[in-house]
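Hi everyone, thanks for coming. Today I'd like to walk you through how two protein chains meet. Let's bring the picture up.

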Number of protein chains: 2
Amino acid sequence: MKEKIIQESIQLFGEKGFKETSIQDIVDALSVTKGTFYYYYKSKTELLMAIHLKYIDELLRKQEEIIHDGSKPYKQKLHEIVYMLIHDIEKEGLSAKVFFREMRNLTEEDMAEVIKKRDQFRLNIQQLLEAGIGAGEFRSDLPMDIVTFGILGMTNWSYFWFDPNGRVSDAEVSDIFLKMVLQGLKG
Amino acid sequence: MKEKIIQESIQLFGEKGFKETSIQDIVDALSVTKGTFYYYYKSKTELLMAIHLKYIDELLRKQEEIIHDGSKPYKQKLHEIVYMLIHDIEKEGLSAKVFFREMRNLTEEDMAEVIKKRDQFRLNIQQLLEAGIGAGEFRSDLPMDIVTFGILGMTNWSYFWFDPNGRVSDAEVSDIFLKMVLQGLKG
């Protein structure tokens, strides 16, 4: 039931918005009582935090799996992280929407915890790039913190435009972005 | 007064949010009457549209100025557009915030008009890149529509992290992004 409440709320928060969705809407959609809701979550805000944590923890877990695979070159790891993000935004569209749009409705303390995890995700990419410099895979004359923001901008922005039913697949977008970022556009 | 109402509302909408700001809040901040407000705008929604148009029209105007300067190579024009966007997000932070965050509060018709202008801005970049391929400045094997989304992602995402008082200036961020996009990260 806990997981069902999360799934249904992602749907409702994503479609109508967090503020516009009441606990009554959630329990109605699940055909359960408010008592059931309060058995699992103290409040709508606590539920929103559970959604945020589920989303970012899952991304961090998958990212660490990619990073800790010793057998792959850094370039490939970067490629897999970029693909993971674009694929995730495609597959988990409503979760991503709730994550990007409703964060400001978290409590201050919860928001700080989520931001810390987001920062960790970003720093993991930066460290990957810096390790790749050490291995001679990446150029060493660019500050990798800014480069990381650039890469995250490319991937995260896809949330606003990427169409899973469009001409180009998530894998193709990742390939194009990687060529662009690794080899550059110069003719 | 029309311009003053716009400036004050950008401040209030940016800080408190569009829905959370009343017309009363706006006229109070300007020490004028509601009659004055309604002399210039029929509604808060009409005012929001005026803010959106001002923001996107100004960006389009500056972009076209850059594009139509025949004396510069395409690479430099791309550089100037990237700088313009990051600089603008720095200088017009609250306008950018209102533009990105409150668009869903426009009427359907107004939203369609703003989206058309946003699309025009994006297509102008794509055409610039395609013209640059023709001139041998850019590689020809990548679909420039997707590349354009990548570049806009890098610049627009800076709204979420760029700190005008930070270590790196808007001009430096643009330089790093351009090196990354033109030459690539490969070591």
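So here we are, and please keep in mind that this is a predicted model. In terms of contacts, 40 residues of chain B touch 40 residues of chain A.

How are the two copies arranged? A rotation of 180°, with 0.0 Å of shift along its axis, superposes chain B on chain A, and the RMSD is 0.0 Å. The two copies are therefore related as by a two-fold rotation axis. If you want to find that axis on the screen, look for Gly184(B): among the residues of chain B, its C-alpha comes closest, at 1.9 Å.

Now, how much area is buried? Chain B and chain A bury about 3800 Å² between them, and 67% of that is on carbon and sulfur atoms. On the chain B side, Arg139(B), Trp157(B) and Leu185(B) lose the most area to chain A, together 20% of what that side buries.

For polar contacts between the chains, the count is 18 residue pairs.

And which helix of chain B gives the largest share of the side touching chain A? That would be H8(B), with twelve residues. By class, that side of chain B has 21 nonpolar, seven polar and twelve charged residues.

Notes:
Residues are numbered from 1 along each chain as its sequence is written. Chains are lettered from A and ligands numbered from 1 in the order in which they are written. This is a predicted model: local features need pLDDT of at least 70, side-chain atom pairs count only at pLDDT 80 or more; totals for chains, interfaces and linings use all residues. Side-chain values use heavy atoms; hydrogens and water are left out. Contact means heavy atoms within 4.5 Å. Buried area is the accessible area (1.4 Å probe) that two parts lose on being put together, summed over both. A polar contact is a pair of N or O atoms within 3.5 Å; within protein, one must be able to donate a hydrogen and the other to accept it, and residues adjacent in sequence count only if both atoms are side-chain atoms. Helices (H or I, at least four residues) and strands (E, at least two) are DSSP runs, numbered from the N terminus. Ala, Val, Leu, Ile, Met, Phe, Trp, Tyr, Cys and Pro count as nonpolar, Asp, Glu, Lys and Arg as charged, and the others, Gly among them, as polar. Copies are superposed by least squares on the C-alpha atoms of residues with pLDDT of at least 70 in both.
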